Amino acid sequence: MGSIGSRLQEVKGRIARACRAAGRAENSVTLLAVSKTFDAAAVRLAHAAGQRRFGENYVQEALAKIAALVDLRAQVEWHLIGPLQSNKTRPVAEAFDWVHSVDRLKVAERLAEQRPSGLAPLQLCLQVNVSDEASKSGVAVHEAAALAAAVAALPREKVHLRGLMAIPEPAADEEAQRAPHRRLAELLQAINAQQGLALDTLSMGMSADLEAAVLEGATMVRVGTAIFGAR
Ligand SMILES: *Cc1c(COP(=O)(O)O)cnc(C)c1O
């Protein structure tokens, strides 16, 4: 499979081709390297290859990695993309730059209360259940606008609502795969129009479906396996 550096280049090539196919500028999509289950040494290799944004799923695992890579802290962004319970928010408010998985007002309120004053605002996305399965986490599509309005009203110097995130189910072909990504993109536009917001982030697309996501307007793709290997 080659080195982390060469796989990063391959993923950037896929993003660039998808951007060209969509008529979008290549720099309109940010690559988040999902380093969950890989150790600090792997993150260091990706950093050496130029990667600066990393996504983590599990709070305790991430905190250990952030501590092990404290020498890089000023150069990298840490994004929490995994589920977050409201009793686990404090270390997240203190250590991360972004949280993509906000699905309840309580979590956003606690992050706002607990964000240390010396730090830049924590950047937030609402996780939306675009597959509408009862088992999936994320706010329901029909409840997302009200949650966005409430989160956007929290103190801006503490938390800044940036957009929406989704983890669509795998689909049989690219056309079917595009549908849930399109739903998320349309929801972002509707929320901006209805609530008078300027949300600018669509966090969608992973190793298997990043092309479908970019074709539907993803601004941030979260890629693990295609960079670091199988987990
Ligand atoms: C693990 C994970 C990813 C990355 O998935 P890959 O298929 O390994 O690219 C992206 N987003 C979330 C929320 C994840 O949990």
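This note goes through the ligand site, the pocket and the cavity of a predicted model.

1. The ligand sits in the largest pocket of the protein. That pocket holds about 390 Å³ of space. Its lining is made up of 21 residues, and those closest to the pocket centre are K36, I167, M206, R222 and R231.

2. Sorted by class, the lining of the largest pocket has 9 nonpolar, 8 polar and 4 charged residues.

3. Which residues are around the ligand? They are V34, K36, N57, I81, I167, M206, S207, R222, V223, G224, T225 and R231. This shell divides into 5 nonpolar, 4 polar and 3 charged residues. K36, I167, M206, R222 and R231, named above as closest to the pocket centre, are also found in the shell around the ligand.

4. In K36, an N or O atom of the side chain is 2.7 Å from an oxygen atom of the ligand. For N57, a side-chain N or O atom likewise has a ligand oxygen at 2.7 Å. In T225, a polar side-chain atom lies 2.5 Å from an oxygen atom of the ligand.

5. How much of the ligand is covered? Taken alone, the ligand exposes 390 Å², and the protein buries 89% of that area.

6. The cavity. The structure has 1 cavity of 30 Å³ or more. The volume of the largest cavity is about 40 Å³. Its lining consists of Q127, V128, N129, V130, S131, K136, S137 and I167. By class, these are 3 nonpolar, 4 polar and 1 charged residues.

7. I167 lines the largest cavity. I167 is also one of the residues closest to the centre of the largest pocket, and I167 belongs to the residues around the ligand.

Definitions and conventions:
Residues numbered from 1 in each chain as written. Predicted model: local features only at pLDDT ≥ 70, side-chain atom pairs only at ≥ 80, totals over all residues. Heavy atoms only, no water. 1 Å grid on protein atoms, 1.4 Å probe; cavity = no way out; pocket = protein on both sides within 12 Å on 5 of 7 lines; lining within 4 Å. Points joined across faces, edges and corners; volume = space filled by probe spheres on them. Nonpolar A, V, L, I, M, F, W, Y, C, P; charged D, E, K, R; others polar. Near = heavy atom within 4 Å. Polar contact = N/O pair within 3.5 Å; in protein donor to acceptor, adjacent residues only side chain to side chain. Areas by Shrake-Rupley, 256 points an atom, 1.4 Å probe, with all protein chains shown as cover. Sits in = over half its atoms within 2 Å of the grid points.
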